Structures are given as C-alpha cells and as structure tokens.
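Subject: Structure handover

Hi,

Here is the structure we discussed.

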Amino acid sequence: MKPRRRRSSLALAAVAALLVTGCGASEPEPVRDPYSVDGSLPVVDTSGMRLPTPFEELEVVDPGWDITPQYADGVYLAAGERDGVLEFTAVDVHGDVLWAAQRPASCTGFVVTTDAHGRALAILGDLQTTADALAATTATAYDLTTGERVWGPVEVPGPYQGPGLVFAAPPEGFMGETGPRVALDPTTGDVAADESSPEGIRIIGEYHGIVLLTHEDALIARDTADDQELWRVPLAEHGWTAASISASLRPAPGDGLALVATSETTGALLDLDQGSIVSSTARDAAVDPTTGTLVTLDDTGLHGYDADDRPLWSLPVAAETTIAAIGGVFLYLREDGAIRVHNVLTGDVAQAYEPDGQGPIIVPTHITINGAALLLQERRHLVATIAESPLNESSPTASHAGMSIVGARVAHST
C-alpha cells in the first residue's frame, strides 16, 4: 500500500457526486439567480427517534430536500420541489439557509466541487432557450457560501453524468449509451476534455481540477486548467483494460482519493495527487475527517490505516456490507439489514446508540470534522446542526470526548 499525500485546504468528506435526470420545460418559470431566504428551517422532533449518541443533543432541522445533498466547506446543498419548480438551498452546519436558486422541476443535475483556489462551488444544470429558440443544456457555477455567480451559463452537450463536471449527450431513444462526454474545468467552466476529440480518449471522471481518463493502454490524470499530464499508469501492469475502467457508483472517499471500478466485482482506490494505487482491491472506502484514518472495504473484509497509511486493523464482514458514514472516530456500516458501528482507531465494535432506546434507527450518511451531520430518516435528509461557538470551531473532537467504546449491534429498523 503506497502512501497518500494529504490535502490540507479541504480535509472534508466526499463532495462531488450527484443524482441526475434530464432537464425539461417547466411552469412556472424558475427564479434562476440566487436569492436570500427568510425564516428558519423547521426543527425536527427527535424524541421518538434513536439517534447516534454524538448527535442526541444537537438541533436537527429539515431543509425539505428530495435528493441526496452534497457537502463542502461547511455547507450542504440539495433541492426539493416547491410549487412546480426545483428549489436548491445551501444550508450551513449551523442550520442557516445561505441562499437558494430554482431550476425546472425535471432538471436535477448539480454538483459541489472546489476550484483551483480552494473555493467551494455549486454547479447547477439548466435547460435554457438560445437566441435561435432552441433548447440548450447549460451549467452555471456559484460560490457555495455566498451564491455569487462565478462562471456560466456555459453550454454542455447534455445532462450531468459525473463524477465531477462531466456531461454527455442523452442516448438516442429511451435506452442506450450516452453520446460523447465532456469534462469542464471547475475554475473557468472551459472544456478540459472531450471524448469526441481526435485523440480518442475516454473520460472516467473529473475530481476537483483533475480529469481522469483512459487513452490507448494507460490510465491518465490531467490538470483541467492547462491540460498538463500529471501522471499515467500502464493498464497492463494491473491486468486492466480501457473498457474495464469506469467510475465507481459508491460515494467519493474524499481527501484527494478516487474510487474507480476495474471490473464488475472489483475496484481500485487511487491517490490523485501522486498517481499511486492505494488499494487495487477496494470496492468501498472512506476517510474519517477527525483522525485521518482511511478505511477500505474489499472481498477480504474491512481494513483500517492511519494517516501515514500504516495498517491499524483488519476484520471480516459480510459480502453485502457497505459503508454508510464515517466521522468522529465512528465507522457506520450497513450489514445484513442491520447497522454496525466500529471504532476507526481499533476496529472494535462500538456503542453509538443507547442500547435501551426506542424508535426507528437514524443513520448518518455524512459527518463533518466539527461534528455536524447529515441524517437519513426514511427518505428525509435531515441536518444535525452545531452551535456557532469557539468550542465547535476550534476543537473538532470535543463533542466526542468521553464516549465509551464497547460492543453493541443495533438492528436496523428504518
């Protein structure tokens, strides 16, 4: 296992994938430019829910999101349908709505990313009428915190595909392969890679200014700003082919890492900065933002590594196990219809829920370095917020102090 270099500017969880459909006409006309939102988000009564103990004392709010949120730099972004349009809202870890913008109800394409300066961006897809009265799919970037427009709208060949700023023409007919894909530079919105170019590349994904692609017999990373090749890995060295490499359907691990599928059953975890293969067998991975611990999941089980990539522990798990969330020294797993929690430093099973609690189990899907979290209650995406205080901002681990680490297994009832 090769060392991975840390990115200090955003030691955050995965920030760059999304749920997507095509864009269509909508009535009424959306308010496309970001606007302020008056009032507070509704507070959720959690008295009948079983929350993980780190979030029991936090105020939980419901932003009314219908699709899975994305996160960067202390802000979550997602959308819900409002009066026939889709309203995107940016909500910070304190539960404040920073801004909102609307798009046609069928146009759910969006992504959260960062530009070359480390600024967090929200890119929203749209369908707009051109001067020739033709419908054009576009993308526009906004500052995630302020809602200020950074670039766009720029025309793209079709709906969002991902990961990162990857778009493609829709397939001919209802089913089939999409058309050629393009990847945009997050800093400018310019086209950074195009599958229809004469060189015959195949785009895997775009990751915060690095576009991953295959060309002939190599996996290649390029800088989206200047098309400079950063590194290349010969496919034959790992028994891969250009056709076998694709973006993983699992959430991005974050922290300068990318998870790709190398066959129908296996994957690889890549260090995007160094071009090294962190794991050639990983099918899921996540990094604890509190400790820097990397957890990988492959056919042999779960494996924990410290911030310097030294092995900490390994343990077997069921074949259908997936990582639900990681943060605050806790690893949440979905396994055999149950939720299992482990200490990321030791691998020991951990008690993250009160054993005698009543009500449905609420599972985190994302945890920030300062203790806020995204919680999934049936189909509702809720935010466990933190207060604006020096303690929360300066001491990320303070909210987890004194938590016991003892064995427990909690039946999953959501």
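The structure holds 16 salt bridges. A salt bridge here means a side-chain nitrogen of Lys or Arg within 4 Å of a carboxyl oxygen of Asp or Glu. Side chains of opposite charge can pair when their charged atoms come close.

Some ground rules before the details. This is a predicted model, in which local features need pLDDT of at least 70 and side-chain atom pairs count only at pLDDT 80 or more, while totals for chains, interfaces and linings use all residues. Residues are numbered from 1 along each chain as its sequence is written, and side-chain values use heavy atoms, with hydrogens and water left out.

Salt bridges

Arg250 pairs with Asp284, with the closest N and O atoms 2.9 Å apart. This pair links distant parts of the chain, 34 residues apart. Arg250 sits in the loop between strand E17 (246-247) and strand E18 (257-261), and Asp284 lies in strand E21 (residues 284-287). Helices (H or I, at least four residues) and strands (E, at least two) are DSSP runs, numbered from the N terminus. Arg250 is partly exposed at 28% relative accessibility. Asp284 is buried at 3%. For these labels, buried means under 20% relative accessible area, exposed means over 50%, and partly exposed is in between (1.4 Å probe, protein chains only).

Arg119 and Asp115 also form a salt bridge, at 3.3 Å from N to O. Arg119 is partly exposed at 31%, and Asp115 is buried at 6%.

For Asp227 and Arg222, the N to O distance is 3.6 Å. Arg222 is buried at 9%.

There is also a network of salt bridges. Its members are Glu29, Arg32, Arg103 and Asp126.

Nonpolar core

The largest nonpolar core has 22 residues. Such a core is a set of buried Ala, Val, Leu, Ile, Met, Phe, Trp, Tyr and Cys residues joined through side-chain atoms within 4.5 Å. Which residues touch the most other members? They are Phe55, Val60, Tyr332, Val341, Tyr353 and Leu375. The elements that give two or more residues to this core are strands E25 (322-327), E26 (330-335), E27 (338-343), E28 (363-367), E29 (373-377) and E30 (380-384).

Asp356 is in the loop between E27 and E28. It is exposed, with a relative accessible area of 61%. Together with Glu56, Glu57 and Glu354, Asp356 forms a negative surface patch. Patches are made of residues with over 30% relative accessible area and no salt bridge; like charges are joined within 9 Å, and nonpolar side chains (Val, Leu, Ile, Met, Phe, Trp, Tyr) within 5 Å. Lys and Arg count as positive and Asp and Glu as negative; His and the chain ends are not counted. The place of a charge is NZ of Lys, CZ of Arg, CG of Asp or CD of Glu. Areas come from the Shrake-Rupley method with a 1.4 Å probe; for residues, only the protein chains shown count as cover.

Gln358 is in that loop between E27 and E28 too. It is exposed at 65%. Gln358 and Ser47 are 311 residues apart in sequence and 9.3 Å apart in space, C-alpha to C-alpha.

Buried strand residues

Tyr71 is in strand E2 (residues 70-72) and is buried at 4%. Its C-alpha lies 9.4 Å from that of Leu144, 73 residues away along the chain. Val278 is in strand E20 (residues 276-279) and is buried at 3%.

Backbone points to check

Two cis peptide bonds are listed here. One joins Gly152 and Pro153, with omega about 5°; Pro153 is in strand E9 (residues 149-155). Another joins Gly162 and Pro163, with omega about -5°. Pro163 is in the loop between E9 and strand E10 (166-168).

Asp73 has a positive phi of about 50° although it is not a glycine. Asp73 lies in the loop between E2 and strand E3 (75-82) and is partly exposed at 42%. Val329, also not a glycine, has a positive phi of about 75°. Val329 is in the loop between E25 and E26 and is buried at 18%.

Best wishes
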